[in-house]
Protein chains: 2
Amino acid sequence: MDKLKAKLIDIKQGGFEVLLNSQDAEELGIHPLDRVKISCEKGSLTAVANVTPTLVKRGEIGIFTEVSEALGLTEGELVKAIPGERPPSLQYIKKKMNGQKLSKEEIYAIIKDIVDNTLSDIELSAYVTAVAIRGMDMDEIAEMVNAMVDTGERITFDKSPIVDVHSIGGIPGNKYALLTVPIVAANGVTIPKTSSRAITSPSGIADTMEVLAPVSHTAQKIKQIAETVGGTLAWGGSVNLAPADDKIIRVEYPLSLDPKPQVLASVISKKKAAGVEILLIDIPMGKGAKVETEDEARELAQDFIELGRRVGIRVECAITYGSQPLGRAVGPALEAREALMALEGKYAPRSLVEKSCALAGILLEMAGVAERGRGKYVAEETLRSGKALSKFKEIIEAQGGNPDITSDDIEVGKYTYDGIAWEDGYVQMVNNAAVTQICRIAGAPKDKGAGMIIWQKMGSQVKKGDKLYTIYAESSVKLERAKALAQRLNPVPIGGMLLKRIPDYSYMA
Amino acid sequence: MDKLKAKLIDIKQGGFEVLLNSQDAEELGIHPLDRVKISCEKGSLTAVANVTPTLVKRGEIGIFTEVSEALGLTEGELVKAIPGERPPSLQYIKKKMNGQKLSKEEIYAIIKDIVDNTLSDIELSAYVTAVAIRGMDMDEIAEMVNAMVDTGERITFDKSPIVDVHSIGGIPGNKYALLTVPIVAANGVTIPKTSSRAITSPSGIADTMEVLAPVSHTAQKIKQIAETVGGTLAWGGSVNLAPADDKIIRVEYPLSLDPKPQVLASVISKKKAAGVEILLIDIPMGKGAKVETEDEARELAQDFIELGRRVGIRVECAITYGSQPLGRAVGPALEAREALMALEGKYAPRSLVEKSCALAGILLEMAGVAERGRGKYVAEETLRSGKALSKFKEIIEAQGGNPDITSDDIEVGKYTYDGIAWEDGYVQMVNNAAVTQICRIAGAPKDKGAGMIIWQKMGSQVKKGDKLYTIYAESSVKLERAKALAQRLNPVPIGGMLLKRIPDYSYMA
């Protein structure tokens, strides 16, 4: 058996994998999940060997998508297979398992192998688990950032400074960037914001912006838009920035892992690769947010600042109120409409305007275009004057959307349900987790028009029969499901005057 | 989209997995690697959802082998898919990651989910990694054994006591059981030995025995043979004993993990499921063996004894010399021939006879058929008298082999190469790892006739030109490869009279 016949299997396995017949594997001395080096005319690579007694015949080799794409293999092509070496990065993963610190070279080897699909899911999961248990110190995290940046695409701007803002998220309705970005750009500061789509939330910034304009742009296009109109609101996933990060997050997701070294490296590596020099990080804090206490928030902020310092990004952090949704609207179209109303100078929730301007103000100060302590005032002026709206329309147009759109044009879900107060009292809280779940069941972020408006927020006095919230959906079936869930979860509970008891033990839970 | 059309994908993924079109997945609110509950006429199960933009069309669902087999699905059959719950065992895996002790119920849930294919490779790897890092205490290990036994097949004997012997392995040529089992059985003690095939060694006991008789037998057949002739030398893999163990080992293998809790549970669970009441564990100790120091060996022995006590098996341990191969022969046919020669009373290496009789003697004492201190003598007598050979022939016949076979009948590899001493001196060591690698490159264990004979062992005085070892192979290509490796690795190094320096720093490496 010198050569095997390629049998293409059009399935992505996450890494380089092939499938050998058990007898061929035994003959070759290859045990299931060993490495096999396969060579063909166009080149060679080392893959993980899966073994089957039946699915692939003797003399054949099953080639999964990643491998056939990398080698340009065609059906029936002859392939040479010999035992391969395990990648050295496996030794470094074991070193981390043993609690040892990894060197720059070791971290680079791991990250490179992750990007190159060299590690199997089993091996990648061992890495992620080891990092979650053993942690990494700041030296290691900084080297991880450098490795993640070096192994992906980069955007280099001709202008300076390049600023950006990033929220660690966790609260629904967090559409601040649709105001903050045009405010900053309108003041002549370049802010090529890239953001993510929702994974578990009702709408990511990219989902919300997509209601108004396309968000998938190449690195070249992002650079061009930012250098022309001063800002973007693009989807980070359309650019291959720090691709190791996405591959790591994919494996963390089913394990519900979010280890701090990865959280830090994830944000900073994407921003570094995107050419950002000045970065503001928004840390929403409060019950039901990712960060619940001020001590945690301060520690995380210090870590972001220190990591930024090590890789050459000037970072500041804003700890913001996160115990309830930002503004009233949750869900892509509802949030886009609320943001546009605020820019248009129509009614807008105070919390949205205030947060957006506060963040913009800090960025204007960091970029040196507003005096310390004056940034928020400058931001508010930019919003009030209509300059932010004009800039936002320029951004919409540059990204390929219709700049003449107004908040009245935005379609939201036709099927609605109003949640009503069953007694007199005060709104005790607006439950972030419940709002998120209800909006998602209603169809968000996939159904752009789905979501919720929260009419009464924490502390409001309400009378029996008052409308507390409205659920929007694009189909009656989804509305019914969301309604049933809302009745069970009670996202806007009403109580007596006693809103909080100090000490508030529930806060600690 | 109410129902999806099944598209069968004949690939084993290790667990229950399906493949959804990205748009269908988004519609269903299912993120890659989320759970999806799928139902059809014959039943329902929860699988891990992989997501693809292209490989499966909208309205289709790719069904991997484990799922189609479990549900009896046919091509094109309609399947209902809804978001599924993550298994609670994931929470317990995270608990172990956090360093907490797991309860009986939590361990059972994890093991049950492993056996039922409920966990993906990513999740299983996180479990294995967490156990490797955090460890388990004896309470947890005992509960793991119970769970592993309860979730698989069991053999129940009508006779008592049932004894067995197990070597933790690590040294090549370890064919002792081909002598020990018939010696014990010839003394009226029931010893239904199940053993493994080689994974990384040149030959497992099952591979060696297979030269003489079939080793794949059902639980029913093992029981019947053991109760009739008193002993078996069967392949444990042919019986579904503690199947969780095999699934865990599969994932440990690519990570080169062998955490102690799993080593202990693996051995004891298989033996418990096999109905064993009295167990002797052989711990080869020495340079290049799995256990290198006496402290380690003693600690491991205590752990085995304690774990046995907790699950109702009387365990004793034998720490044996493991710094070089046992006997001279390494490789299935060569080992079978050497064992048969020893049983026939022909020439046999002293180390093989002595170890086999020592282990048999301990078992005879434990079973109460020899007085304390007399077991080895009884065993030697059984061997010398030919009773062990007769019993071995009965076992060969009962397993379906030819009882008239003699050591002269056994075919070994036709292609041979002799390693020669290039100078006068003393054999400094026989390198276990080098011997293993050379034999495997020569074709063992797949090529039964491949392997090595070590003519000169540690401490032997040799003259230039003396034969040190012979490599056997079944093809000239494999012989050439093995020869080249042997010349590089020098498995039997010669040196001056100074065999060891105390303290021996190389020993610590």
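By what turn, and with what shift along the axis, can chain B be laid on chain A? In this predicted model, a turn of 180 degrees with a shift of 0.0 Å along the axis places chain B on chain A with an RMSD of 0.1 Å. Such a relation is that of a two-fold axis.

The contact between the chains was examined next. It involves 31 residues of chain B and 31 residues of chain A. On chain B, the side that touches chain A draws at least two residues from each of helix H1 (22-28), helix H5 (121-134) and helix H10 (243-252). The largest contribution to this side comes from H5(B), which gives nine residues. Classified by residue type, the side of chain B that touches chain A comprises 16 nonpolar, nine charged and six polar residues. Of the interface residues of chain B, 100% are also interface residues in chain A, so the copies meet through the same surface.

Within chain A, the domain assignment gives domain 1 (3-83), domain 2 (163-238 + 266-398) and domain 3 (415-495). Taken over C-alpha atoms, the centres of domain 1 and domain 2 of chain A are 46 Å apart. Strand S1 (residues 3-9) of chain A pairs with two strands, S6(A) and S5(A). With strand S6 (residues 78-83) of chain A the pairing is antiparallel and extends over three bridges; A:Lys3 has A:Lys80 as its bridge partner there. With strand S5 (residues 60-64) of chain A, S1(A) pairs in the parallel sense over five bridges, and A:Ala6 is bridged to A:Ile61.

In chain B, helix H13 (residues 332-344) consists of 13 residues. From its first C-alpha to its last, H13(B) reaches 18 Å, close to the 18 Å expected at 1.5 Å a residue. Because 12 of its 13 residues are buried, H13(B) is largely enclosed by the rest of the structure. The buried residues include the charged positions B:Glu335, B:Arg337 and B:Glu338, as well as B:Leu334, B:Leu340, B:Met341 and B:Leu343. H13(B) is followed by B:Gly345, which has a positive phi near 80 degrees.

Cis peptide bonds were also identified. In chain A, the bond from A:Ser160 to A:Pro161 is cis, with omega near -5 degrees. A:Pro161 is situated in the loop between helix H6 (138-150) and strand S7 (163-167) of chain A. In chain B, the bond joining B:Ala444 and B:Pro445 is cis, with omega about 5 degrees. The loop that holds B:Pro445 runs between helix H17 (432-441) and strand S15 (451-454) of chain B.

Positive phi values also occur at residues other than glycine. A:Ser256 has a phi of about 50 degrees and lies in the loop between helix H10 (243-252) and helix H11 (260-273) of chain A. Is this residue, A:Ser256, buried or exposed? A:Ser256 has 11 C-beta neighbours inside 10 Å, and a residue with 12 or fewer is exposed; A:Ser256 therefore counts as exposed. B:Ala242, also not a glycine, has a positive phi of about 40 degrees. B:Ala242 belongs to the loop between strand S9 (231-235) and H10 of chain B. With 32 other C-beta atoms within 10 Å, against a cut-off of 20 or more, B:Ala242 is buried.

How values were computed: Residues are numbered from 1 along each chain as its sequence is written. Chains are lettered from A and ligands numbered from 1 in the order in which they are written. This is a predicted model: local features need pLDDT of at least 70, side-chain atom pairs count only at pLDDT 80 or more; totals for chains, interfaces and linings use all residues. Copies are superposed by least squares on the C-alpha atoms of residues with pLDDT of at least 70 in both. Two residues are in contact if their C-beta atoms, placed from the backbone, lie within 7 Å. Domain bounds come from an automatic or database domain assignment. Helices (H or I, at least four residues) and strands (E, at least two) are DSSP runs, numbered from the N terminus. The expected span of a helix is 1.5 Å times one less than its number of residues. Two strands pair if DSSP finds at least two bridges between them.
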